[in-house]
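Student: I would like to learn how to read helix packing and strand pairing in a model. Could we work through one case?

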Amino acid sequence: MVFGILASNNDVKKLLRELDILNSVIAQLAPEEEVVIHEFASLCLANMSVEYTSKVQIFEYGGLEPLIRLLGSPDPDVKKNSIECIYNLVQDFHCRLAIQDFNAIPPILDLLKSEYPIIQLLALKTLGIITNDRESRVMLRECQGLEQLLKVLETKEFNDLHIEALAVLANCLEDVDTMQQIQLAGGLKKLLAFAENTTFPDIQKNATKAIARAAYDPENRKILHEQEVEKCLITLLGSENEGTKVAAAEVISAMSENLASKEFFNTQGIPQIVQLLKSENDDIKEAASLALANLTTGNQVNANAVAEAEAIDALINTLSCKRDKAIANAATVLTNMATQESLRLMIQGHDIMRAIIQPLNSTNPLVQSKAALTVAAVACDVDARTELKNAGGLEPLVELLHSNNEEVRKHASWAVMVCASDEPTSVELCRLGALEILEEINLSIRRKNNFSEAAYNRLLNNNLSLKYCQMGYLSSNNLIPDGFYDAGRINPGTKLLTLKEFALQEPTDRRAIILINSKPSSAFPPSTTEDKLSDSVSGRSSSSHRRGKSSSGVGSPTDEKSEPTGQAVTTSSKSFIKERVSRKGKGKKEEEKNKEEEEIPASSKATESNADKEWCLPSDQEFCNYIIEVSKTILPMTDLKEQIETLAKFVAGKMGGPVSKELLHEFKWEHHISEIEFQLKSNVVPIGYIKKGTFYHRALLFKALADKIGIGATLVRGEYNRAWNEVKLVDESYKGITGLLPRPEEFLVDLMFEPGALLKIRSREAELYRFI
């Protein structure tokens, strides 16, 4: 008695462990001992078993078996102490396994019939622990334990036991066999009615949780659907208890894996869940967002129902909540909705691109992954991509490419691929280093994925200047746009300067930057004398046009007849900017002579910023004339081979004509290009200004003109200033099977020696052309 009572004190527990008396106490549980000895020996063990060390000792000294035997004692105190000690012991996994060997479940179930609530409660708590193991659940079912649990739930006087009984039942409902047995016995309907009608909030919550545990099994979901669990769940969503709402939303999340259940919620349920999404309670918000995520996955009708319930604002607000799972779920719903164009446009109208930036900056890989996937789904048009770029969303997206998480890396690559669908966004992504990161990823067998490779190719295809500089190849599908420039070969990983950066550099002795531009410059409207000069500088004035018609090349610095004015005609926009800036600077100096000298640096800075701001793409009227001419002369031709040959001769004629192989070294194109650079005062040379071009000038001009008039041609860079074009033509001499089209062959177009000649790719002549 003394040991039993004092063992409730922690200091006494410690001393008793040091004295190692547990073996002696367990010996007092022998059948021949008096009931009062059993009572206080079991009390001592119950108090000692609270601590882990004592649990281990009791189990090792064989205390579990006599405790189970004492569950059948006629004395209620012995029963209470024994079941309490067993409850403490089964917290340990090894003890739970031993329970099965000692066939402890029948005597524990008998305790449910006790007239003492504390004994019933401890018995249910013990069953709640041991039924976490499947074998124990099977034993409980075989011992008709389910019927006893349902009786407890049906008895209103046992309200204080309902929560623990539901916890045991929730464990048992995970097994399909148990579920079927309960259904056949009518217990499932009783459980659903109990959950729907009970007036005790905590009991209702736990009953709903029990249903949720069952719903995670596919077979159980079918059974629950047959019992029309969806109607019960919609009622539970309207409960005043927040825990019940959370549990009901969790059941809906699980039930949405069943197609029939998902369709049931098409017409009802979704509006209630959307209302829960607007709750201030984070648990409710998380559960509601998960339910909507599962309901809208692969179901467009549900996605429309979510939109009709005006959930977009709530979903976007959820992206900034504190729960990572809620954020990930909301992003998933938006992704599912964005698969429909009408819904995607609605989402874009709610400032989604600005809202998604915070999740992109998250440190949680799940949130990062779902946010990147949302960007991939929503950024399908130019306006959305522009909004994302302006909001600063591209930078965190590019950072996600560095992630060590495979899912994050894949979805970020997917988003980058989508965002790289237009040139401005693609250029910005390249500026942020996306191309280099993707290149590094694709070199790793472990880190690369299909999307990283596709994103890399998409970036290059929308930044053809960079693609040609890095890869030295443009396919026939890569149509050269206005603003394309050839800066020569660069090594992978090397940053390519923008055209503006090249143009604002001082002229150097390095390779000229060849520009393709068929658009007129519109930076300076011709309203003043200076603006008229601007027109003549960029080759846009009517007089320069007239001179161009009377001479061999508009604005050509090598045209002797127009030499007096040639320099004015061929001066670039950059030089004009400098002239304007210097004039403005002089004017300011004259007006501000009496001001302090410290104001001059500020004026200088403003001047520099104005020059930078006013830069515009140099126009190329001569190239525009080329396009007009080939459109008139070549487009009407019906034979592709004739078109190619005529275009080749045209290009060669504009670039200095045919050149003999023997006299190739005397073809002084370098001096001509240097003259243009000097007169333009720029490293950027519009291609129309070149009247004496070598292989790579001619190949670039051929490709640019071919793209304008719809002739499929590649552009291939070789070594030592070589470049050439390849085209596909059907071999007319082909004699094949009747009715089948002959396979087209590839030809190299001669633009230098015999302009218009087509050389088979694998022929000796083609090899010589490439390497001569």
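**Helix packing and sheets**

Tutor: The axes of helix α7 (residues 76-89) and helix α10 (residues 117-130) come within 9 Å and cross at roughly 25 degrees. This is a predicted model, in which local features need pLDDT of at least 70, side-chain atom pairs count only at pLDDT 80 or more, and totals for chains, interfaces and linings use all residues. Residues are numbered from 1 along each chain as its sequence is written, and side-chain values use heavy atoms, with hydrogens and water left out.

Student: What are helices, strands and axes here?

Tutor: Helices (H or I, at least four residues) and strands (E, at least two) are DSSP runs, numbered from the N terminus. Axes are lines fitted to C-alpha atoms, for helices over the stretch in contact, and angles run from 0 to 180 degrees between N-to-C directions.

Student: How are α7 and α10 oriented to each other?

Tutor: Two packed helices are described by the angle between their axes and the distance between the axes. Angles under 35 degrees count as roughly parallel, over 145 as roughly antiparallel, 65 to 115 as roughly perpendicular and the rest as oblique. α7 and α10 are therefore roughly parallel to each other.

Student: Which residues of α7 and α10 make the contact?

Tutor: With contact meaning heavy atoms within 4.5 Å, α7 contributes P76, K79, K80, I83, E84, I86 and Y87, and α10 contributes I118, I119, L122, A123, K125, T126 and I129.

Student: Now the sheets. How do strands pair?

Tutor: Strands of a sheet pair through backbone hydrogen bonds, either parallel or antiparallel. Two strands count as paired if DSSP finds at least two bridges between them.

Student: How many bridges join β1 and β5?

Tutor: β1 and β5 (residues 715-717) are joined by two bridges, in the antiparallel sense. L715 in β5 is the bridge partner of L474.

Student: In what order do the strands of the mixed sheet run?

Tutor: That open sheet has three strands, ordered β2-β3-β4. Its edge strands are β2 (484-486) and β4 (684-686), each pairing on one side only. From one strand to the next, the twist averages 30 degrees. β3 (residues 513-516) pairs with β4 in the parallel sense over three bridges, and I513 stands opposite V684 in β4. α46 lies across β2 and β3, at about 15 degrees to β3.
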